[in-house]
Amino acid sequence: MSMARGTDTRAPEPHAADSHDLIRVHGARVNNLKDVSIEIPKRRLTVFTGVSGSGKSSLVFDTIAAESQRLINETYSTFVQGFMPTPTRPEVDVLEGLTTAIIVDQQRMGSDPRSTVGTATDANAMLRILFSRLGRPYIGPPAAFSFNVASVSASGGFTVDRGADRTRTEKVTFSRTGGMCTRCEGRGAVSDIDLTQLYDDSKSLSEDPFTIPTYTGDGWVVRVITESGFFDPGKPIREYTEKERHDFLYREPTKVKVNGVNLTYEGLIPKIQKSFLSKDRESMQPHIRAFVDRAVTFTECPECGGSRLSEQARSSKIEGISIADACAMEIRDLAEWVRGLDEPSVAPLIVSLQRSLDSFVEIGLGYLSLDRPSGTLSGGEAQRVKMIRHLGSSLTDVTYVFDEPTVGLHPHDIQRMNNLLLRLRDKGNTVLVVEHKPETIAIADHVVDIGPGAGTAGGTVCFEGTVEGLRAADTLTGRHLDDRAALKEAVRKPVGTLEIRGATAHNLRNVDVDIPLGVLCVVTGVAGSGKSSLVHGSLLQRSKADGTGVVCVDQTPIRGSRRSNPATYTGLLDPIRKAFAKAGGVKPALFSANSSGACPTCNGAGVVYTDLAMMAGVATVCEECEGRRFQASVLEHRLGGRDISEVLAMPVAEAEEFFGTGEARTPAAHRILGRLVDVGLGYLTLGQPLTTLSGGERQRLKLATHMGEKSGVYILDEPTTGLHLADVEQLLGLLDRLVDSGKTVIVVEHHQAVMAHADWIIDLGPGAGHDGGRIVFEGTPADLVASRSTLTGEHLASYVGA
């Protein structure tokens with residue numbers, strides 16, 4: 001007897017694993033976050049927005065991404081962890097549902113002269129293998145095509161012990177073929193030092209002839225030269241014999257005795273090359289950088305033509321193309337060349353290389369070349385280069401964290417970036433984006449608005465939900481989301497012009513242009529069209545040659561440790577220390593936490609750090625000074641009823657009022673504080689560590705510092721970077737005030753609000769790379785909108801609703 005089975009029509013119970021569809025944050029208190037609790041949907045695109053300094057990065061990067069990476073590090077053995085960074089656990093009560101976090105930030109790539117776009121990605125490595133297999137004549141393995149590998153050879157004998165007193169000497173030879181150019185050592189440029197900027201040859205060594213920083217008459221560096229015994233200290237340098245001149249400038253390191261102490265004497269040129277030219281220019285102190293700019297010129301290497309490669313490496317070719325030629329091509333052209341190679345023996349390599357190069361083109365960087373130094377990439381370009389390795393990844397259920405991915409992008413390119421973000425999401429990944437641009441906020445599945453203000457006025461979640469819900473919400477972002485700047489009814493008239501003729505830097509095609517003076521001029525165009533080449537490569541050089549005072553505020557990051565703060569960076573601390581010293585009748589150094597006034601227990605840091613090797617270090621508030629950083633005796637001195645630690649704890653706006661009137665009136669400090677208020681940083685505290693500032697705050701801090709310089713021309717490179725829609729309005733007011741005070745302001749910018757507010761627009765294009773480098777429009781914003789003759793014109797017309 002058989003029984004029929006009934007069909008169970010009930011829905012199956014959801015699997016327990018499918019319930020983990022949220023990232024839960026509870027009680028986050030990192031930086032200015034105020035016990036933030038939030039739930040973020042997984043496998044969705046979530047955009048975090050809010051004014052600059054509101055706490056977006058603190059929540060996304062310093063809490064969620066930081067804890068994810070810390071937990072992954074803990075899966076390694078303690079031995080391996082000892083070689084890895086050891087971040088502390090973020091200040092948060094609960095973090096659940098985390099997945100592996102991949103951070104794609106705006107940190108610029110290292111500016112080491114040996115680092116290029118090709119070496120920073122996998123493209124160069126694959127090209128070297130390709131040429132080692134297919135290049136003719138054959139010159140060696142992949143290292144033979146690397147400009148970072150020198151050719152070396154050595155030979156010698158070593159003794160082999162055979163036991164029972166039997167030994168045998170064997171001869172060994174070793175050789176390695178590298179591709180490094182021996183003249184420039186793989187840098188592509190050689191330095192030429194102007195000797196007249198090093199010393200006055202009419203003086204003798206005893207007359208302190210040197211004009212090099214740190215080369216003072218009583219210093220050890222000069223004493224070693226003077227007392228080396230190679231020269232007559234009273235003889236003018238210009239009267240040196242040929243041998244004395246050679247020893248003075250080029251002598252190899254030689255042991256000498258000075259006052260009974262064994263020291264090393266070395267010629268002036270190699271000593272300068274080691275002490276100054278081996279360092280990254282941006283990490284130099286300002287006076288050292290000024291000396292290097294004055295005394296050293298870098299020219300293309302005459303032997304390798306700037307390719308960095310040896311003649312042997314350049315001699316091996318594939319279908320008439322050397323690896324130097326391939327690296328110099330625009331990547332979109334190189335991708336086409338690789339696509340045309342038909343070599344079954346290396347087919348997997350060609351497919352992989354082609355995929356990598358196509359990713360460059362897809363992400364909008366096809367105008368770059370692989371030999372482009374990575375230090376010359378903008379923050380936005382560097383971020384997109386980092387994205388390339390993730391585009392073809394097969395990983396899913398990963399959390400991708402982006403920091404303003406639209407930075408440096410023309411409105412025409414933003415849609416392409418949006419598509420890439422959506423593609424990563426659609427592969428099953430969680431995508432978290434910190435962003436201000438309404439075009440990217442509009443594609444979000446979920447929006448989190450942090451605010452309501454910046455600094456201590458921020459740190460709370462003002463809104464959570466859909467984009468439409470944000471528009472209806474009464475938050476600062478919701479109110480400004482649909483803001484559109486209007487075209488000016490009347491534009492300013494130029495008071496003169498700065499002529500540029502025959503500009504050919506990078507991709508510029510013999511450009512002739514007149515930059516109007518006394519107005520707000522915007523230079524725009526798609527990414528890679530030649531804007532920076534025109535402004536930095538031609539305009540800036542022309543201004544220097546003419547002696548025109550120019551202040552350039554670019555996107556190079558502010559460097560500073562946790563001891564650096566707005567007061568030290570802007571120079572504000574100097575007049576404050578002098579005011580305290582004058583009031584107390586003591587020396588100014590007492591009022592510096594990095595000098596004689598520092599608490600001896602924590603050395604002026606305010607906290608005591610305990611290193612726990614492979615575990616996260618512990619920072620505890622100093623018990624001696626209770627985190628105030630100064631000795632108790634220093635805090636007894638007061639100015640206007642406040643001690644130095646209380647002044648450093650003041651917000652900028654309060655400090656401006658404090659130093660503006662009464663007993664504490666200090667005009668020099670008041671002027672600097674006024675500039676900080678002008679750029680919208682009134683909420684920052686004077687002693688807040690620079691390491692805690694957001695990207696937008698650092699950019700404005702740099703702008704405020706440069707505003708104190710006496711100059712007639714200001715060049716600003718994308719000043720809207722990191723700025724909220726509401727902050728852009730304040731920036732436009734600042735630019736107007738600068739122009740109305742008689743300055744010329746030239747802005748390299750993509751933001752349509754700045755374009756609409758300009759008096760004059762110079763548009764470069766029509767495309768990027770070799771498709772750009774031309775002036776496609778010059779005139780007023782109204783004329784650009786009316787003509788719609790360029791991509792910029794079309795987008796600006798759409799923006800203003802024309």
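How many Å separate the centres of domain 2 and domain 3, taken over C-alpha atoms? In this predicted model, the centres of these two domains are 38 Å apart when taken over C-alpha atoms.

View 1. The protein is divided into domain 1 (40-108 + 377-480), domain 2 (117-182 + 304-363), domain 3 (189-300), domain 4 (483-558 + 696-801) and domain 5 (563-692). Between the centres of domain 2 and domain 3, again taken over C-alpha atoms, the separation is 38 Å.

**View 2. The second largest pocket, between domain 1 and domain 4.** Because domain 1 (40-108 + 377-480) and domain 4 (483-558 + 696-801) both give residues to the lining, the second largest pocket lies between them. About 430 Å³ of space lies in this pocket, and 20 residues line it, with P438, E439, R484, Q752 and Y799 lying nearest its centre. At least two lining residues are supplied by each of α14 (411-426), α15 (438-441), α26 (725-740), α27 (752-757) and α29 (791-800). By residue class, the lining of the second largest pocket divides into nine nonpolar, six polar and five charged residues.

**View 3. Strand β14 and the strands that pair with it.** Strand β14 (residues 399-403) is mostly covered, five of its five residues being buried. The side chains of T399, V401 and D403 point one way from β14, whereas those of Y400 and F402 point the other way, and all are buried. Strand β5 (residues 101-104) pairs with β14 in the parallel sense over four bridges, and within this pairing V104 stands opposite F402 in β14. Strand β15 (residues 430-434) also pairs with β14 in the parallel sense, here over five bridges, with T399 standing opposite T430 in β15. Together with α14, the strands β14 and β15 make a right-handed β-α-β unit; helix α14 (411-426) is also one of the elements that supply at least two residues to the lining of the second largest pocket.

**View 4. Strand β21 and its parallel pairing with β24.** In a regular strand the side chains alternate between the two faces of the sheet. Four bridges join β21 to strand β24 (residues 713-717), and the two strands run parallel.

Note on methods. Residues numbered from 1 in each chain as written. Predicted model: local features only at pLDDT ≥ 70, side-chain atom pairs only at ≥ 80, totals over all residues. Heavy atoms only, no water. 1 Å grid on protein atoms, 1.4 Å probe; cavity = no way out; pocket = protein on both sides within 12 Å on 5 of 7 lines; lining within 4 Å. Points joined across faces, edges and corners; volume = space filled by probe spheres on them. Nonpolar A, V, L, I, M, F, W, Y, C, P; charged D, E, K, R; others polar. Domains from an automatic or database assignment. Buried < 20%, exposed > 50% of the residue type's maximum accessible area, 1.4 Å probe, protein only. Pairing = 2+ DSSP bridges. Right-handed = clockwise from strand over helix to strand, strands pointing away.
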